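Subject: Structure for you to look through

Hello,

Please find the structure below, handed over for your own reading. My notes on what turned up follow after it.

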Amino acid sequence: MKNDLKPKILKTMKTYSKEQFVKDLIAGIIVAIVALPLSIALAIASGVNPERGLYTAIIAGFFISFLGGSRVQIGGPTAAFVVIIYGIVANPEYGVEGLIVATIMAGIMLVLMGVLRLGSMIKYIPYTITTGFTAGIAVSIFAGQIKDFLGLEMGAVPSEFVEKMIAYAENIGSINWIALAMGVLSIVLIALTPKITTKIPGSLVAIVVTTLIVKLADLDVSTIGSVYGELSSKFPTPALPKVSWKMVQSLISPAFTIAILAAIESLLSCVVSDGMIDSKHNSNAELVAQGVGNIFSGLFGGIPATGAIARTAANVKNGGRTPVAGMVHAITLLLVLLVCMPLAAMIPMTTLAAVLMVVAYNMCEYKQFIHLLKTAPKMDITVLLTSFFLTVFFDLVVAIEIGVVLSALFFMKRMSDTATVRSWVYASDFHDEGRETHDLRYVPENTLVFEVEGPMFFAAADKFLDIPKIAEYRNKNVVIVRMRSVPAIDASAMRNLVKMEERLEKKGIHLILSHVLEQPMRVLKKEAGLLEKIGDDNVCAHIDIALERAETYRNEWKKAE
């Protein structure tokens, strides 16, 4: 526990060798080649200048590797953030300045998550929510690339999905067939390259080939340069954004969503890479590194970052085994920024759109989505579809918030269904029906026994309240509540337990508690006066003792009859 915030690099450097450095160097350079087109494309898809994608991969990527809890994690911009970043940037109240503030706020939240040892808490985000919003993000990314892929001549693309589709339909007559051809060629090259070689990413091949074709043939196709102008090859200087308390308040929700997304994706990437190299990551150190990476990314004008599963896998497959590979990846991208960035202005926009369409296809996991629709319980399907449609048609923040609330409500419903208060079935009841009985305990005729099973919390708290009516109807003066299967009880259930005791007392019925477990007993002791009312003798360790205790009230019951 004391060492769970220490960066993994401290451990790996103890046995570091020249041979491993060579492997890390090669892996880092290859991963940088993979990350280069993705970083630029993701920045453009997010509504910011292409350079900001590289700033993010350089700054955040370096700190995530240097301070992280994984040996091989590669950090940078990912597709998961595109929808929420675009929403912040497109909002005239925030713009890029608001995005920077949200990125820094998310970074601070991630650091706090790590320091507070909340790394293991991420597993409580239901799989149906992550699958739903991931598929929704994929659809949104795909839809956002249609304009550039088709080369449509239209103004700014609306941020809302329905309005976006309407705008595309209205401008469908302006398709640039040359741009479409280059886009289709890009997808073909991305698909075919892995079948020929896995050493060079298909996205890079597509970018090089289509850029050369467009440049040499002087084709009428929009490029990064024609849309964004000359690209800067200067490394940015850190600067604090202009921030107001009102902006902070309004950005808390999206910043929290960015932090949760970064935590989920980075820790998932760590788990996947652990399996690939037979290692174990430190989740809390990883969260701190993610936080620091996002803080510095924001200060240097970058966008949100997290661990990238595909780039991390590429790192492992090419021999990377220590954080040095991730740091080499960041340094390589820095050199590309300083030396080659102006060349990126020649990349066709349709090619970047094709790259992101392939990314969207790969991240949607449609087979798993369909599998869940076929096999999951109805409540889980509801959460899945709600998260998906809210992400597509409304907002990722809303999707996660409502998805979590729905999951919590459904979980409470399931738990309340498992929590039961049932009366024992007595031998006399069996005999009345002509049925045989075996191994039944003797219960005094003045007594009713109720078995409580499952956690008793506010959603199931009312299940105690019918006990007094049943006891009075059956003319008993002792009620035993057996609690051996109650692992926990909350304040609401305890309040109703007190109410039940008060109603029993008014009717002259004695309450005996049997086999109360540790947590319920602690709560009972805190409830002022309840144990005194019940009496120490009526809180029994075992059901047999409780039944013997009930026998002592039999004469009282006989007199009342």
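Predicted model: local features only at pLDDT ≥ 70, side-chain atom pairs only at ≥ 80, totals over all residues.

**Salt bridges**

R484 and E451 form a salt bridge, and their closest N and O atoms are 3.2 Å apart. R484 sits in strand 5 (residues 478–485) and E451 in strand 4, so this pair ties together parts that are 33 residues apart in sequence.

How many salt bridges does the structure hold? There are nine. Another of them joins the side chains of E445 and R554, at 2.5 Å from N to O. This pair links distant parts of the chain, 109 residues apart: E445 is in the loop between helix 20 (427–432) and strand 4 (447–453), and R554 is in helix 26 (residues 554–560). E445 counts as partly exposed, with 31% relative accessibility. R554 also counts as partly exposed, with 24%.

R554 has a further partner in E551, where the closest N and O atoms are 3.3 Å apart. E551 is partly exposed, its relative accessible area being 30%. Taken together, E445, E551 and R554 are linked in a network of salt bridges.

**Cysteines**

How many disulfides does the structure hold? The number is zero. As background, a disulfide is a covalent bond between the sulfur atoms of two cysteines. C340 is partly exposed, with a relative accessible area of 34%, while C540 is buried, with a value of 5%.

**Helix 22**

Helix 22 covers residues 491–506, which makes 16 residues. At 1.5 Å a residue it should span 22 Å, and its end C-alpha atoms are 23 Å apart, which agrees.

Which residues of helix 22 are buried? They are A493, M494, N496, L497, V498, M500, E501 and L504.

**A nonpolar patch on the surface**

F21, V22, L25, I26, I29 and I33 form a nonpolar patch on the surface. Together they have about 460 Å² of accessible area. F21 is placed in helix 2 (residues 18–45).

**Two residues with positive phi**

R117 is not a glycine, yet its phi is positive, at about 60°. R117 is found in the loop between helix 5 (95–115) and helix 6 (127–144), and is partly exposed, with a relative accessible area of 28%.

D218 is also a residue other than glycine with a positive phi, in this case near 50°. D218 lies in the loop between helix 10 (202–216) and helix 11 (224–228). With a relative accessible area of 66%, D218 is exposed.

Regards

Terms used. Residues numbered from 1 in each chain as written. Heavy atoms only, no water. Patch = residues over 30% accessible without salt bridge, like charges linked within 9 Å, V, L, I, M, F, W, Y side chains within 5 Å. Areas by Shrake-Rupley, 256 points an atom, 1.4 Å probe, with all protein chains shown as cover. Salt bridge = Lys/Arg side-chain N within 4 Å of Asp/Glu carboxyl O. Helix = DSSP H or I, 4+ residues; strand = E, 2+ residues; numbered from the N terminus. Disulfide = S-S within 2.5 Å. Buried < 20%, exposed > 50% of the residue type's maximum accessible area, 1.4 Å probe, protein only. Expected span 1.5 Å × (residues − 1).
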